[in-house]
Amino acid sequence: MGDDSSLKAVGWARSLPVNRGVKEARDWTRDHLASLGWLRTAPDLVDSVLLTVSELVTNAHKHARSAAQLILVWDESCLHVTVHDSSPELPEQRRPDAGALGGRGLMLVDALADTWQAHRCPRGKDVIACFQPPSSAT
């Protein structure tokens, strides 16, 4: 008899250079979400994931000044979106001035993702956002 308690997951990873990473990250992510059928079944969730990917990759490029590694893992209950960069500085959510052009990225991620976290790792940091699809999308 098989062990049904094992985790079933699928994942994808991509390195994104500073000079062309954000659009490439969105397009690549959209393709993988399409393979899960989410473009049809959960278009609002797709928009949230794509905006989060844009924000996290932009932060990696702008603040860490490094390439970003984008990792998507779908474990049948949550899509884990991880962006790794080479800076050990953890991101800080802040309140931007009303007229500021930036500073709202993590506020957006916090509003869009079910959960998010950041942690240091040996060669930089990971920022991870998790998205649980509506039951109709799975």
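Quick housekeeping: residues count from 1 along each chain as its sequence is written, and side-chain values use heavy atoms, with hydrogens and water left out. As the model is predicted, local features need pLDDT of at least 70, side-chain atom pairs count only at pLDDT 80 or more, and totals for chains, interfaces and linings use all residues.

Okay, strands. Helices (H or I, at least four residues) and strands (E, at least two) are DSSP runs, numbered from the N terminus. Look at β2, residues 68–74: Ala68, Leu70, Leu72 and Trp74 point to one face and are buried (under 20% relative accessible area, 1.4 Å probe, protein chains only).

Who pairs with β2? Strands pair if DSSP finds at least two bridges between them. β1, residues 10–16, runs antiparallel to β2 with seven bridges, and Ser15 partners Gln69. β3, residues 79–85, is antiparallel to β2 too, over six bridges, with Val73 opposite His80. In that β2–β3 hairpin, four residues sit between the strands, and Glu76 has a positive phi near 75 degrees.

Now the helices. The axes of α3 (43–63) and α4 (105–112) come within 9 Å and cross at roughly 150 degrees; axes are lines fitted to C-alpha atoms over the stretch in contact, with angles from 0 to 180 degrees between N-to-C directions. So α3 is roughly antiparallel to α4 (that's over 145 degrees). The contact (heavy atoms within 4.5 Å) includes Leu51 and Leu56 of α3, plus Leu108 and Val109 of α4.

Notes: Buried < 20%, exposed > 50% of the residue type's maximum accessible area, 1.4 Å probe, protein only. Parallel < 35°, antiparallel > 145°, perpendicular 65-115°, else oblique.
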